[in-house]
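Reader: I would like to go through this model feature by feature. Please give the general idea each time, then the case at hand.

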Amino acid sequence: MSELQKFIPQPTGDGSFTFFSQEFNEAFHSHFGAKQESFFKFVSPTQLAIAAHQPVLRLLDICYGLGYNTAAALETIWEVNPNCAVELIALEMNLSVPQAAIEHQLFDNWNYPYTDILTRLAFEQQVQTDRLKAKLIIGDARNAIREVNHLNFQADAIFLDPFSPPQCPQLWSVEFIQQVALCLHESGLLATYSCAAAVRTALLMAGLHIGSTPPVGRRSPGTVAAHPQSFECNIHSILPPLSQAEEEHLLTRAAIPYRDPKLNDPADVIVARRRQEQQASSLEPTSRWRKRCLPRSVMSPEI
């Protein structure tokens, strides 16, 4: 069986399709709706419909996957401003995933007008037109993010969309997110589907402010982040605040972040390191927080 044949389209609630990753034992999207997730979890929180009024807009799509987040971004931007020049850098470990999305014609279901762009990006890893300069970097995102930093790429919007922290801790570590934050323009916004306390702690340790985004297809919210300078300059309104339960979650052992000092440790080593730190911690056990807070919270106990 070829790599492309390993990815079989699975329907989601909004009629769009996703894949299941055997490597990470997770679907690429929620069952609620893969397409809607891209718009509601990533495009909307990064305020691309507003940012599209800029003459140039820079996007960093971490864990490109099937290409849905980039697709939703381009559709939103060019509906608002067809003349907006977009610069895109996307990171992806497995090139077979975006290629399989094209081979299975998954964007036909969207009635998507820019499938030719996504096809070229998947099979040639770069696209250049009069309004798009795009590059797909294949390989470990921990190496790729340093390459992006060397290019001094400053993104107006960053989509942080790895598999879940327990399955892919290497892309949620303090050290990785610090590298990601360096790629975020001082007026830019970063969005992720995760509300894990470890992830939010890592964002805070990277010097970002965080807010909560509405739940999409599940009880738990997502997270949006920005540099503090953007608020000082009144570039953004205040980020949607965390609930009391979410604030208290950051004071439990769940908030101990993943660490990957040299950005090259295997996932099991990163998980074991965090578990040891949790066991030695004097912070409140997460189970106690869960009993106290979850009955009055819309969050699920993502740790």
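**Reading the sheet and its helices**

Author: Five bridges join strand S9 (residues 155-160) to strand S10 (residues 184-192), and the two run parallel. Strands (E, at least two residues) and helices (H or I, at least four) are DSSP runs, numbered from the N terminus, and two strands pair if DSSP finds at least two bridges between them. Within this pair, Phe-159 has Ala-191 of S10 as its bridge partner.

Reader: What should I know about the source of the coordinates and the numbering?

Author: This is a predicted model, in which local features need pLDDT of at least 70 and side-chain atom pairs count only at pLDDT 80 or more, while totals for chains, interfaces and linings use all residues. Residues are numbered from 1 along each chain as its sequence is written, and side-chain values use heavy atoms, with hydrogens and water left out.

Reader: In what order do the eight strands of the open sheet lie?

Author: Strands of a sheet pair through backbone hydrogen bonds, either parallel or antiparallel. Here the order is S7-S8-S6-S5-S9-S10-S12-S11, with mixed pairing. Strand S7 (126-128) and strand S11 (209-213) are at the edges with a single partner strand each, so one side of each has no neighbour in the sheet. From one strand to the next, the twist averages 15°; axes are lines fitted to C-alpha atoms, for helices over the stretch in contact, and angles run from 0 to 180 degrees between N-to-C directions.

Reader: Which strands does helix H3 touch?

Author: Contact means heavy atoms within 4.5 Å. Helix H3 (residues 68-80) packs on the sheet against strand S5 (56-62), strand S6 (85-92), strand S8 (132-138) and S9, and its direction makes about 165° with that of S5. Helix H5 (residues 115-124) also packs on the sheet, touching S6, S7 and S8, at about 140° to the direction of S7.

Reader: Is H3 mostly covered or exposed?

Author: Buried means under 20% relative accessible area, exposed over 50%, and partly exposed in between (1.4 Å probe, protein chains only). Eleven of the 13 residues of H3 are buried, including Tyr-68, Leu-74, Glu-75 and Trp-78.

Reader: Which residues of helix H11 are buried?

Author: In H11 (residues 267-279), they are Ile-270, Arg-274 and Gln-278. They cover an arc of only 75° around the axis, taken from the directions from the helix axis to the C-beta atoms, which puts them on the same side of H11. These buried residues pack against H6 and helix H8 (197-205). The face turned away from the buried side of H11 carries the exposed residues Asp-268, Gln-276 and Gln-279.

Notes: The expected span of a helix is 1.5 Å times one less than its number of residues.
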